[in-house]
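Visitor: I would like to go through this model with you. Could we start once it is on the screen?

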Amino acid sequence: MKWLDRLERKFDRFSIGNLMQYVCLTMAAVWIFSILQPYVPLRSLISLSPYRIRQGQIWRLITFIFDPPGYGLLTPFLILFYYWIGRSLEYYWGTTRFNLYYLFGILGAVLGAFLTGATGTSEYLNLSLLLAWVALFPDMQVLLLGLIPFKLKWLGWIEGVYLALDFLAGSWPSRVALLLSVANFLLFFGPTLWNRLRRSWPRRY
C-alpha cells in the first residue's frame, strides 16, 4: 500500500519503540491499583467519555487504552497475551508501522465514541491487535491454556463470530463504534482479504 509506505516514512521519527510494553505495564499498574484501592474509581477516571472530554478532561483521549482487559483472575494473563501480540506485530512490521496501526485504532475508537455519544473502551482496539496477528500468522500454533495445541486461524474465526454477534445484537450507535474501532484492521488488511475472497469464488466460463 503506497499511501501507508509514504505515511510510514513521514511518521518514522515520531514512532515509539516497545509501545506495547509501556501500554501493558500501565494496564498492570491500573489493575494492581484497583485491587489495592477498590473504592477509588480509577477506571471511570480514565475511560473514553465524550461528555467528560468536552468538559476539559482531555487526558481521556489517551488514557482509555490503559484500561485493563477485565478485572478478574485472567487479567494478568490477558495483559501478557496482548503484550506478546504487540511485540510480535512490531517485530514483523517494524516500529513505525505498528505505531500507525495502533494509532489508527485509537482514532477509530475516539471517533466512534464521539459520533455515538457513548463511553468508549479499549476492548475492540485490543481485539484489532489479535485480528492482525491472526491474519499475518494464521497457521501458527499456540498452546491453549498451556496444554491444547490450537491454530491461530481458528482463534480468528472465533473472534470474527464474536464481533459479528456483537454487531448484529447491538444498536446502531454500538455498531458504528465497533466498525470504527476495528477500522485499523480494515485499512491494513481489507484489500488483501478482499482479493483472497475474490480468488476463492468459483469462476464461470
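Visitor: Is Trp133 buried or exposed?

Guide: Trp133 is buried, at a relative accessible area of 1%. Buried means under 20% relative accessible area, exposed over 50% and partly exposed in between, with a 1.4 Å probe and protein chains only. This is a predicted model, in which local features need pLDDT of at least 70, side-chain atom pairs count only at pLDDT 80 or more, and totals for chains, interfaces and linings use all residues. Residues are numbered from 1 along each chain as its sequence is written, and side-chain values use heavy atoms, with hydrogens and water left out.

Visitor: How many aromatic pairs are there?

Guide: The count is 14 aromatic pairs. Rings of Phe, Tyr and Trp (its six-membered ring) pair if their centres lie within 6.5 Å; planes under 30 degrees apart are stacked, over 60 edge-to-face and the rest tilted.

Visitor: Which helices hold Trp84 and Trp133?

Guide: Trp84 lies in helix H6 (residues 75-93) and Trp133 in helix H8 (residues 123-136), so the pair ties together parts 49 residues apart in sequence. Helices are DSSP runs of H or I with at least four residues, numbered from the N terminus.

Visitor: And how accessible is Trp84?

Guide: Trp84 is partly exposed, at 40% relative accessibility.

Visitor: On another topic, which residues form the aromatic cluster?

Guide: Trp93, Tyr101, Phe104, Phe185, Phe188 and Phe189 form one aromatic cluster. Phe188 is buried, with a relative accessible area of 6%.

Terms used:
Helices (H or I, at least four residues) and strands (E, at least two) are DSSP runs, numbered from the N terminus.
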